[in-house]
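Biologist: I'm new to reading models like this one. Could we go through it together?

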Amino acid sequence: MKNSLNDCDIKKLVSSYYGLICKIVREHCENSDDFDDLVQEGLLTLIDAYNNFDESFGLQFSTYIRICVSRKVNRAIASSKAKKHSLLNDSVYLEEQIVVDSVKSPEQILIIKEKLSDIKTNIEILLSSFERKILHLYLQCMSYKDIAKFLNTSPKSVDNALLRVRRKLKNNINFKS
């Protein structure tokens, strides 16, 4: 194992192998939306591979990098396709807000107010008391850790509750039109 890299060494390493990493990602990437994320995974793998490279393997460093980055990119793609992440990948972001700036007529304002009222009513009906508390605290910009501490529960319980909230809201409330 080599010594830790300083910023200058990292810049040299990245500039030397960035093209190779991009080429590897292009070979494996089916979706252009994932390209930047996969390149970032490749760059992190480059640094890790540099620290773990052993010349006694009988490989050139560029060959070793190609193998490590290819494996990491394949694992990342397989992981993103896994069903266990589908709820998170398909969830509705709670941060999304209704934009009222483009509203010009009183009728449109009234329609939006009615929709907001319906959403509030549905939240009361659909969500448990615990989920409503967590949603309220989350919308107050509290972190999962702070919410957990405030409610005397674990951050994982907060995460699970917010996933249920997202799923229930997505399935039962029409946010569009």
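Biologist: Where is Asn-152 found?

Modeller: Asn-152 is found in the loop between H7 and helix H8 (155–172). Helices here are DSSP runs (H or I) of at least four residues, strands are E runs of at least two, and both are numbered from the N terminus. Before we go on: residues are numbered from 1 along each chain as its sequence is written, and side-chain values use heavy atoms, with hydrogens and water left out. This is a predicted model, where local features need pLDDT of at least 70 and side-chain atom pairs count only at pLDDT 80 or more, while totals for chains, interfaces and linings use all residues.

Biologist: What is the phi of Asn-152?

Modeller: Start with the general idea. Most residues other than glycine have a negative phi. Asn-152 isn't a glycine, yet has a positive phi of about 55 degrees. Cys-141, also no glycine, has a positive phi of about 70 degrees. You'll find Cys-141 in the loop between helix H6 (129–139) and H7.

Biologist: Why does Asn-152 count as exposed?

Modeller: Go by relative accessible area: under 20% is buried, over 50% is exposed, and in between is partly exposed (1.4 Å probe, protein chains only). Asn-152 is exposed because its relative accessible area is 73%. Cys-141 has a relative accessible area of 73%, so Cys-141 is exposed too. Of the chain's 177 residues, 27% count as buried.

Biologist: Which residues make the nonpolar surface patch?

Modeller: Phe-57, Leu-59 and Ile-67 make that patch, which covers about 260 Å². Leu-59 lies in the loop between helix H2 (35–52) and helix H3 (61–81). Leu-59 counts as partly exposed because its relative accessibility is 34%. Patch residues have over 30% relative accessible area and no salt bridge (a Lys or Arg side-chain nitrogen within 4 Å of an Asp or Glu carboxyl oxygen). Like charges are joined within 9 Å, nonpolar side chains (Val, Leu, Ile, Met, Phe, Trp, Tyr) within 5 Å. Areas come from the Shrake-Rupley method with a 1.4 Å probe; for residues, only the protein chains shown count as cover.

Biologist: How many helices and strands does the chain have?

Modeller: Eight helices and zero strands.

Biologist: And where is confidence lowest, and where highest?

Modeller: Look at pLDDT, the predictor's confidence in each residue, from 0 to 100. Confidence is lowest in helix H4 (residues 86–89), with a mean of 58, and highest in helix H7 (residues 144–151), at 90. Over residues 94–100 the pLDDT is below 50. The chain's mean is 80, and 82% of its residues reach 70 or more.

Note on methods. Contact = heavy atoms within 4.5 Å.
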